[in-house]
Amino acid sequence: MIAIKTPEQIAKMKQAGELIAACHREIAKKIKPGTTTWEIEEFVEAFTKQHGAIPEQKGYYGYPYATCASVNDVICHGFPRKEPLKEGDLVKIDMVFSVDGWMADSAWSYAVGKVSGEVKRLMETTEQALMIGIQKAVAGNRLGDVSNAIQKFAEGKGYSVVRQFIGHGIGQKMHEEPQVPHYGPAGRGPLLKEGMVFTIEPMLNTGSHEAFIEDDGWTARTIDGGLSAQYEHTIAITANGPLILTQQ
Ligand code: MF3
Ligand code: CO
């Protein structure tokens with residue numbers, strides 16, 4: 001069953017989403033060669049405290065941190081580290097905040113200093129893939145229309161779409177129905193209805209779509225060492241189309 005949220009519930013999730021967005025804007029200013037993702041982690045923890053939000057990733061199935069910080073070939077769920085970021089790195093920061101128990105989730109990719117054309121193009125294409133998916137998130141469409149649009153666009157640009165990690169419904173729990181793959185046939189899957197809230201969070205790789213999990217049980221890397229980028233928004237289906245709750 002896919003929960004339908006009331007406008008009041010969506011408004012609360014939007015509060016959480018606006019805080020994540022504000023936090024991402026601050027992170028964007030901090031990321032440069034020499035910054036550590038550990039500093040970002042500490043900043044995010046302090047930011048949530050200051051604003052009365054809860055960093056929901058910390059403790060989720062034993063995940064130890066407020067942020068996921070995934071560098072270069074790490075697809076997602078990387079641990080924040082004390083090792084400085086280097087010029088040319090690509091780092092993804094993922095956060096889930098709640099306000100009064102209602103959650104929002106947004107990951108963003110950041111270029112560290114000056115990056116190669118390859119990294120730049122991967123980042124631009126992944127952000128575009130997210131926006132193309134969001135445009136299909138309208139009442140009356142099927143979820144597969146979102147998935148298919150992302151896959152077609154991404155593969156058309158020569159990238160692969162990660163299969164192992166997908167988007168998800170969100171509300172008072174981080175992961176609710178529906179599952180939101182970023183690949184698959186159009187015209188299939190649940191019918192989208194006003195009041196549904198879910199994430200769209202495509203991960204695009206330069207090489208194979210396959211991932212492996214490191215011994216820490218979390219860090220997901222590309223199997224071939226290729227680069228991976230991710231952009232994620234939490235969106236609500238409304239009468240006026242998709243509403244981005246985590247808009248920066
Ligand atoms: N924010 C992630 C998502 O997009 C979930 C991270 S798993 C956690 O679904 F353990 F870090 F919380
Ligand atoms: Co996320």
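Author: A helix axis is taken here as a line fitted to C-alpha atoms over the stretch in contact, and the angle between two axes runs from 0 to 180 degrees between N-to-C directions. The model under discussion is predicted.

Reader: How is a pair of packed helices to be read, and at what angle do helix α1 and helix α2 cross?

Author: In general, two packed helices are described by the distance between their axes and by the angle between those axes. In this model, helix α1 spans residues 7-30 and helix α2 spans residues 37-51. Their axes come within 11 Å and cross at roughly 145 degrees. The crossing of α1 and α2 is right-handed.

Reader: Which residues of α1 and α2 meet?

Author: From α1, the residues are Leu 19, Ala 22, Cys 23, Glu 26, Ile 27 and Lys 30. They meet Ile 40, Phe 43, Val 44, Phe 47 and His 51 of α2. By class, this contact has eight nonpolar residues, one polar and two charged.

Reader: Turning to the strands, in what order do the three strands of the open sheet lie?

Author: Strands of a sheet pair through backbone hydrogen bonds, and the pairing may be parallel or antiparallel. Here the order is β6-β10-β13, with antiparallel pairing. β6 (160-161) and β13 (228-230) are the edge strands, each pairing on one side only. Strand β10, residues 203-205, is joined to β13 by three bridges. Within that pairing, Asn 205 has Ser 228 of β13 as its bridge partner.

Reader: Which helix packs on the sheet?

Author: Helix α3, residues 117-135, packs on the sheet and touches β10 and β13. The direction of α3 makes about 40 degrees with that of β13.

Reader: How many residues lie between β7 and β8 in their hairpin?

Author: There are six residues between the two strands of that hairpin. Strand β7 (residues 167-169) and strand β8 (residues 176-180) run antiparallel and are joined by three bridges. Gly 167 stands opposite Val 180 in β8.

Reader: What are the volume and the lining of the second largest pocket?

Author: The volume of the second largest pocket is about 280 Å³. Of its 16 lining residues, Val 71, Val 74, Arg 81, Glu 83 and Arg 221 are the closest to the centre. The classes in this lining are six nonpolar, four polar and six charged.

Reader: How many cavities of 30 Å³ or more does the structure hold?

Author: The structure holds one such cavity. A cavity differs from a pocket in that the 1.4 Å probe fits but cannot get out. The largest cavity contains about 30 Å³ of space.

Reader: Which strands supply at least two residues of the lining of this largest cavity?

Author: They are β2 (67-71), β3 (74-76) and β4 (90-99). β4 contributes the most, with three residues. Among the lining residues are Cys 68, Ser 70, Ile 75, Lys 92, Asp 94 and Gln 230. His 77 also lines the largest cavity, and this residue is among those closest to the centre of the largest pocket.

Note on methods: Residues numbered from 1 in each chain as written. Chains lettered and ligands numbered in written order. Predicted model: local features only at pLDDT ≥ 70, side-chain atom pairs only at ≥ 80, totals over all residues. Heavy atoms only, no water. 1 Å grid on protein atoms, 1.4 Å probe; cavity = no way out; pocket = protein on both sides within 12 Å on 5 of 7 lines; lining within 4 Å. Points joined across faces, edges and corners; volume = space filled by probe spheres on them. Nonpolar A, V, L, I, M, F, W, Y, C, P; charged D, E, K, R; others polar. Helix = DSSP H or I, 4+ residues; strand = E, 2+ residues; numbered from the N terminus. Left-handed = near helix turned anticlockwise from the far one by under 90°. Contact = heavy atoms within 4.5 Å. Pairing = 2+ DSSP bridges.
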